[in-house]
Amino acid sequence: KHGENVRNVPQGMSVVVGADGATRVPRPEELQEAINWVDGTVTISGRPLRYVLPQMKRWYGLDIKVPNTALLDRQVFLSAPANSQREAIASVEASGGLRFTYIGENMAFEDTTASRAATKRR
């Protein structure tokens, strides 16, 4: 139920309710993302880094900064056990061409393609 809109959902089926109250059948990756925690794995498929960072804080307690805000639109994937910060970070690094580092005391992601280009110019 959303406001006055009511939709019956049969057992074993799922729906997505939009902000406007419209309902639809979820895409497979949306459904997987919504229920992945049940088996102890966090899976987020092809979402912008700006979406994944709050999920990393939620599931892993990681508050990772991204100084280069252009990287926030980069599509990344996360697939890791819910109890492994290290595997979560590695998954995002590998899928997004990113490198986990510290800037002062802050955890951060940096672009590996920019650092590779700087190394090649030397």
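Buried means under 20% relative accessible area, exposed means over 50%, and partly exposed is in between (1.4 Å probe, protein chains only). By that cut-off Ser 91 is buried, with a relative accessible area of 16%. This is a predicted model: local features need pLDDT of at least 70, side-chain atom pairs count only at pLDDT 80 or more, and totals for chains, interfaces and linings use all residues. Residues are numbered from 1 along each chain as its sequence is written, and side-chain values use heavy atoms, with hydrogens and water left out.

**Ser 91 and its surroundings**

- Ser 91 is found in helix α3. Helices (H or I, at least four residues) and strands (E, at least two) are DSSP runs, numbered from the N terminus.
- Ser 91 is in contact with Phe 77, Leu 78 and Ser 79, leaving aside its neighbours within four places in sequence. Contact means heavy atoms within 4.5 Å.
- Ala 80 and Ser 91 are eleven residues apart in sequence. Their C-alpha atoms are 7.1 Å apart in space.

**The sheet**

- Three strands form an open sheet in the order β4-β7-β6, with mixed pairing. Two strands pair if DSSP finds at least two bridges between them.
- β4 and β6 are the edge strands, and each pairs on one side only.
- Strands of a sheet pair through backbone hydrogen bonds, either parallel or antiparallel.
- β4 and β7 pair in the parallel sense, over two bridges. Ile 64 has Met 107 of β7 as its bridge partner.
- β6 and β7 run antiparallel and are joined by six bridges. Met 107 in β7 is also the bridge partner of Tyr 102.
- A hairpin is formed by β6 and β7, with two residues between them. In the turn, Gly 104 has a positive phi of about 65 degrees.

- Axes are lines fitted to C-alpha atoms, for helices over the stretch in contact, and angles run from 0 to 180 degrees between N-to-C directions.

**Helix α2 in detail**

- The twelve residues of α2 should span 16 Å at 1.5 Å a residue. The end C-alpha atoms of α2 are 15 Å apart, which agrees. The expected span of a helix is 1.5 Å times one less than its number of residues.
- Leu 49, Val 52, Leu 53, Gln 55, Met 56 and Tyr 60 are buried in α2.
- The cover over the buried residues of α2 includes β3 (41–48), β4, β5, α3, β6 and β7.
- Gly 61 follows α2 and has a positive phi, near 70 degrees.

**How α2 meets α3**

- Two packed helices are described by the angle between their axes and the distance between the axes.
- α2 and α3 pack at an angle of about 175 degrees, and their axes are 11 Å apart.
- That makes α2 roughly antiparallel to α3. Angles under 35 degrees count as roughly parallel, over 145 as roughly antiparallel, 65 to 115 as roughly perpendicular and the rest as oblique.
- From α2, Leu 49, Val 52, Met 56 and Tyr 60 meet Gln 85, Ala 88, Ile 89 and Val 92 in α3.

**Salt bridges**

- The whole structure holds nine salt bridges. A salt bridge is a side-chain nitrogen of Lys or Arg within 4 Å of a carboxyl oxygen of Asp or Glu.
- Asp 111 and Arg 74 meet in a salt bridge through their side chains (3.1 Å, N to O). This pair links distant parts of the chain, 37 residues apart: Asp 111 is in strand β7 (residues 106–111), and Arg 74 is in the loop between β4 (64–65) and β5 (75–81). Asp 111 counts as buried at 16% relative accessibility, whereas Arg 74 counts as partly exposed at 24%.
- The side chains of Glu 110 and Arg 99 form another salt bridge (2.5 Å, N to O). Glu 110 lies in strand β7 and Arg 99 in strand β6 (residues 98–103), so the pair ties together parts that are eleven residues apart in sequence. Glu 110 is partly exposed, at 27%, and Arg 99 is partly exposed, at 37%.
- Glu 30 and Arg 27 also meet in a salt bridge between their side chains (3.5 Å, N to O). Glu 30 is buried, at 15%, while Arg 27 is partly exposed, at 42%.
- A network of salt bridges links Arg 24, Arg 27, Glu 29 and Glu 30.
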